[in-house]
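This report covers residue contacts, helix packing and aromatic pairs. The sequence and structure come before the details.

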Amino acid sequence: FFFNEEELLLAIDLGLRCGASLYDSSGKLLRYEQLHFTDSEELNERVPLLIDSWESDINSKMESDPSTANEKRRVLSYLAIEGGGDLLNAWESSLADKKDIQLVYVRPEEWRANLLTQKERKSGRLSKEAARLIARQVVSDFGSMGDHKGKFKTDAAESVAMGFYMASHLGWIVRTPLVKRYSNGNIIVPK
């Protein structure tokens, strides 16, 4: 990490249907997507390309925009992954020649305990619903792409929420409480 570089965090909700989100060290959500891999072979082929392309896409957008000409080059410093098993190997092996990227394993219980209420953590269905609402709030408050339109795919939403937790854990986002709520405990969602 050099003086003229800004760190990036790529957060992955692991699976063949996979959520991915990208944050910079100012806490800005730069990109998020729901990805779909047909099988583990395709995942193994595409993961290294995905890691390289997300970093280069962000930098090329910056270079082509005159208003960001003096900004620092962005480099992927953290890869945070929720999930395990065989699919994790593709992500781990893609970092073999990328010693500057720190791999962080995040358990779902860890980020959920920091963002969700006890009631929201009672079942998988409630946790996923809360993650979709939190992701909408994060996109609205920290995103560089405008509010999310339409249904929020669960894997993408969980990646945004987990990435939000990791960005706060790294000190990139400071907000108390992390998730804005009404006095009744419901998550405040942009209109």
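## Surroundings of Tyr105

Leaving aside neighbours within four places in sequence, Tyr105 is in contact with Ile81, Leu88, Glu92 and Glu110, contact meaning heavy atoms within 4.5 Å. With Glu92, the side chain of Tyr105 makes a polar contact of 2.5 Å. A polar contact is a pair of N or O atoms within 3.5 Å; within protein, one must be able to donate a hydrogen and the other to accept it, and residues adjacent in sequence count only if both atoms are side-chain atoms.

Tyr105 belongs to strand 5 (residues 102–105). Strands (E, at least two residues) and helices (H or I, at least four) are DSSP runs numbered from the N terminus. Tyr105 counts as partly exposed because its relative accessibility is 45%; buried means under 20% relative accessible area, exposed over 50%, and partly exposed in between (1.4 Å probe, protein chains only).

## Basis of the model

The model is predicted: local features need pLDDT of at least 70, side-chain atom pairs count only at pLDDT 80 or more, and totals for chains, interfaces and linings use all residues. Residues are numbered from 1 along each chain as its sequence is written, and side-chain values use heavy atoms, with hydrogens and water left out.

## Helix 3 against helix 5

The axes of helix 3 (residues 108–115) and helix 5 (residues 154–169) come within 9 Å and cross at roughly 75°. Helix 3 is therefore roughly perpendicular to helix 5; angles of 65 to 115 degrees fall in that class, under 35 is roughly parallel, over 145 roughly antiparallel, and the rest oblique. Axes are lines fitted to C-alpha atoms, for helices over the stretch in contact, with angles from 0 to 180 degrees between N-to-C directions.

From helix 3, Glu110, Trp111, Arg112, Asn114 and Leu115 meet Glu158, Ala161, Met162, Phe164 and Tyr165 of helix 5.

## Aromatic pairs

The structure holds three aromatic pairs. The ring centres of Tyr32 and Phe152 are 5.3 Å apart with planes at 25°, so this pair is stacked. Rings of Phe, Tyr and Trp (its six-membered ring) pair if their centres lie within 6.5 Å; planes under 30 degrees apart count as stacked, over 60 as edge-to-face and the rest as tilted. Tyr32 is in strand 3 (residues 29–36) and Phe152 in the loop between helix 4 (124–142) and helix 5, 120 residues apart. Tyr32 is buried at 17% relative accessibility, and Phe152 is buried at 2%.

Tyr78 and Trp172 form an edge-to-face pair, 5.8 Å centre to centre with 70° between the planes.
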